[in-house]
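Here is a short briefing to read alongside the model. Take a moment to look over the fold, and then we can walk through it together.

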Amino acid sequence: MVSRSLLRAAARSNSQMAGTRGTYAGVIVVEAALVDEGLLAEQYADGHYGTTTLTGMSRW
């Protein structure tokens, strides 16, 4: 199960921490789903909720 509130917190904090490991493990689950839907390149499914993941989410 993925928590929306923890995803939102990760989106706020991770984007400021480029090049670091993400703060919430649920991000990798969401990124995998975005990859499956063709909304995120596989190379960016790294558990870090940065600007590329944010763009994929907005496309969804």
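In which order do the elements of the protein run from the N terminus on? They run α-α-α, with three helices and zero strands in the protein; helices (H or I, at least four residues) and strands (E, at least two) are DSSP runs, numbered from the N terminus. Please keep in mind that this is a predicted model, in which local features need pLDDT of at least 70 and side-chain atom pairs count only at pLDDT 80 or more, while totals for chains, interfaces and linings use all residues. Residues are numbered from 1 along each chain as its sequence is written, and side-chain values use heavy atoms, with hydrogens and water left out.

**Confidence**

- The mean pLDDT of the protein is 87, and 88% of its residues reach 70 or more; pLDDT is the predictor's confidence in each residue, from 0 to 100.
- Among the elements, H2 has the highest mean pLDDT (94) and H1 the lowest (87).
- A friendly reminder: where pLDDT is low, the predicted coordinates should not be read in detail.

**Overall surface and contacts**

- The accessible surface of the protein comes to about 4,100 Å², and 54% of it belongs to carbon and sulfur atoms; areas come from the Shrake-Rupley method with a 1.4 Å probe, and for residues only the protein chains shown count as cover.
- Of the 60 residues, 28% count as buried (buried is under 20% relative accessible area, exposed over 50%, partly exposed in between, with a 1.4 Å probe and protein chains only).
- Among contacts (heavy atoms within 4.5 Å) between residues at least 6 apart in sequence, 32% join residues at least 24 apart.

**The nonpolar core**

- Nine residues make up the largest nonpolar core: Leu7, Ala10, Tyr24, Val27, Val30, Leu34, Leu39, Leu40 and Tyr49. Such a core is a set of buried Ala, Val, Leu, Ile, Met, Phe, Trp, Tyr and Cys residues joined through side-chain atoms within 4.5 Å.
- Helix H1 (4-14) and helix H2 (26-36) are the elements that give two or more residues to this core, and the largest share, three residues, comes from H2.
- Val30, one of the core residues, is in contact with Val2, Leu7 and Met57, leaving aside neighbours within four places in sequence.

**Glu31 and Thr53**

- Glu31 has its place in helix H2 and counts as buried, at 0% relative accessibility.
- Not counting residues up to four places away in sequence, Glu31 touches Leu40, Tyr44, Ala45, Asp46, Gly47, His48, Tyr49 and Thr53.
- Beyond its neighbours within four places in sequence, Thr53 is in contact with Glu31, Leu34, Leu40, Tyr44 and His48.

**Partly exposed places**

- Val2 is found in the segment before H1 and counts as partly exposed, at 31% relative accessibility.
- With Ile28 and Val29, Val2 makes a nonpolar surface patch of about 210 Å².
- Ala11, in helix H1, is partly exposed, with a relative accessible area of 21%.

Notes. Patch = residues over 30% accessible without salt bridge, like charges linked within 9 Å, V, L, I, M, F, W, Y side chains within 5 Å. Salt bridge = Lys/Arg side-chain N within 4 Å of Asp/Glu carboxyl O.
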